[in-house]
Amino acid sequence: NDTPWWLRFDDDELATVINIGLANNYDVRTAAARIVQAEAQAMRSLAPLLPSITADGTVSVGPFESLGFQFGGGLGGDGVGDTPSVFYTGSALLNARWQLDIWGQSYLAYRAASLQQDASSGDRESVALALTVQIATAYFDVVFNKEAIILVEEQIDANRRLLELLELRFERSESSGLDVLQQKQQLAARASELPPLRSQLRIAEQRLAILLGGPPRSAAPATVSSLPPLPPRPELGQPVDLLDHRPDLRALAQRWEASSKQSSSALRVHLPTLSVDGNAGWQFIRTIETDVQSVWGAGVTLSLPIFSGFNDVGQVREARASESVALETLNQGFLQAVNEVENAVVTEDETLAQLDLLEEQRAAANAAKRESEARYIAGLSNYIDVLTALTAAQTADRSVLQAERSLITARLQLYESLGGSWTRSALADSDGGSR
């Protein structure tokens, strides 16, 4: 599970396109941006654990007659004629406030936000896991269609050679015109299979280009010439291992844990709070002259919630419900993951059994084709026997190739359903490569 699954195919071209996709795909980049968002939210949740400090300055003006106290000594002025009409006051203070987290409420909220951040990383790994399988699927679709085109072209050549033989025998009155027409129909039928295969090849190449973060008309990447043999099956392990190996399940578990801590934090909203306040600075008053003095102060505030219009009760109920939703989502996700593994294993086993039977059928069909051709040349059988055997052999060749492709698809589904811890290192490598 620590080794990226695609390295098991020992295909440098496949490894290259997957690494490019991990570095350039826009879905992975979007998931990375969401991690940054989660980091910022976790940073914000840290604020209640730290003191807040502000620097505040104020200036006010009012009618002198409203001044009903002595500020810092005399008000200035020595008679009625010297009495101003207005006075000015102001201050420049450094204020600090720290609400002590005596019940751990703010710490639990911070841990919940940190777990949400970790879950965002799991989301990115899930996107990367799915992306690698999508890239490999498109890659092997390209390989399959290339190999299918070559196979059909070979079958067209075989049908063309047989047509030439029939035309020659027809000229010698050794075969009928019906035989020639039937073989022309067979040749045209094989040739008609090429356009759809070329279309499928181009579509697969365009899909692969988009997955790699490029435009659809990008140059097709290099691929191997034929479908590879299936690597040994990975260890399945125990179902509980999926909780660690599947990034989507890790993210669900982290969200459940975050919801649990958020619920515990919400329960503490009914408890009293204790905060410490302090300030220091200067204040002034001006009438005719300006008087300034330094000031400072400190205090402690104990606050006991009594009634908040059911806001606190609603927060607790909402947090508990969110915790239940997260737990049930995790349970359902785990069952779905186990089912995906089981389905992939069953599909691979049955496809492998089908492939064995198809290979036996192909061997028998090719033997029958060779025997029918030999008997036809010897004049012991008619053309219909040759045509039937040739059609069966060519159909068997295509069926084996399709089964080989289906077998790789089943293995890709198994790799995706098993997950693995390799997603962390693979994304780290792609991040370093992109920088």
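This is a dialogue on how to read selected features of a predicted model.

Visitor: What should I know about the model before reading it?

Guide: The model is predicted: local features need pLDDT of at least 70, side-chain atom pairs count only at pLDDT 80 or more, and totals for chains, interfaces and linings use all residues. Residues are numbered from 1 along each chain as its sequence is written, and side-chain values use heavy atoms, with hydrogens and water left out.

Visitor: How are helices and strands assigned?

Guide: Helices (H or I, at least four residues) and strands (E, at least two) are DSSP runs, numbered from the N terminus. Two strands pair if DSSP finds at least two bridges between them.

Visitor: Which strand runs antiparallel to strand 1 (residues 52-63)?

Guide: Strand 2 (residues 86-100) does, with 12 bridges joining the two. Within this pairing, Gly57 stands opposite Ala92 of strand 2. Strand 2 also pairs with strand 3 (residues 273-286), in the antiparallel sense and over 13 bridges; here Trp98 faces Val276 of strand 3.

Visitor: Over how many bridges do strand 3 and strand 4 (residues 290-303) pair?

Guide: They pair over 14 bridges, in the antiparallel sense. Val276 stands opposite Val300 in strand 4. Strand 3 and strand 4 form a hairpin, with three residues between them.

Visitor: How is the length of a helix checked, and what span should helix 7 (residues 247-267) have?

Guide: The expected span of a helix is 1.5 Å times one less than its number of residues. Helix 7 has 21 residues and should therefore span 30 Å; its end C-alpha atoms are 30 Å apart, which agrees.

Visitor: Which residues of helix 7 are buried?

Guide: Buried means under 20% relative accessible area, exposed over 50%, and partly exposed in between (1.4 Å probe, protein chains only). The buried residues in helix 7 include Pro247, Leu249, Arg250, Ala258 and Ser263.

Visitor: How many residues are in the largest nonpolar core?

Guide: The largest nonpolar core has 51 residues, and those with the most contacts inside it are Trp5, Trp6, Leu14, Phe140 and Leu412. Helix 1 (12-24), helix 3 (105-171), helix 4 (177-191), helix 5 (194-211), helix 9 (383-418) and helix 10 (422-434) each supply at least two residues of this core. Helix 3 gives the most, with 20 residues. Apart from this core lies another, of eight residues, among them Leu242, Ala337, Val341 and Ala344.

Visitor: Which residues does Phe140 touch, leaving aside its neighbours within four places in sequence?

Guide: Contact means heavy atoms within 4.5 Å. On that basis, and with those neighbours set aside, Phe140 is in contact with Phe9, Leu14, Leu227, Pro228, Arg405, Ile408 and Leu412.

Visitor: How many aromatic pairs does a search of the whole structure find?

Guide: Rings of Phe, Tyr and Trp (its six-membered ring) pair if their centres lie within 6.5 Å; planes under 30 degrees apart count as stacked, over 60 as edge-to-face and the rest as tilted. The search finds seven aromatic pairs. The ring centres of Trp6 and Trp422 are 5.1 Å apart and their planes are at 90°, so this pair is edge-to-face. It links distant parts of the chain: Trp6 lies in the segment before helix 1 and Trp422 in helix 10, 416 residues apart. Both Trp6 and Trp422 are buried.

Visitor: Which residues form one aromatic cluster?

Guide: Trp5, Trp6, Phe9, Tyr139, Phe140, Tyr415 and Trp422 form it. Tyr139 and Phe140 are an edge-to-face pair, 5.4 Å centre to centre with 80° between the planes, and both are buried.

Visitor: Is Pro232 buried or exposed?

Guide: Pro232 is exposed, with a relative accessible area of 67%. Pro232 is found in the loop between helix 5 and helix 6 (242-245). Leaving aside its neighbours within four places in sequence, Pro232 is in contact with Arg411 and Tyr415.

Notes. A nonpolar core is a set of buried Ala, Val, Leu, Ile, Met, Phe, Trp, Tyr and Cys residues joined through side-chain atoms within 4.5 Å.
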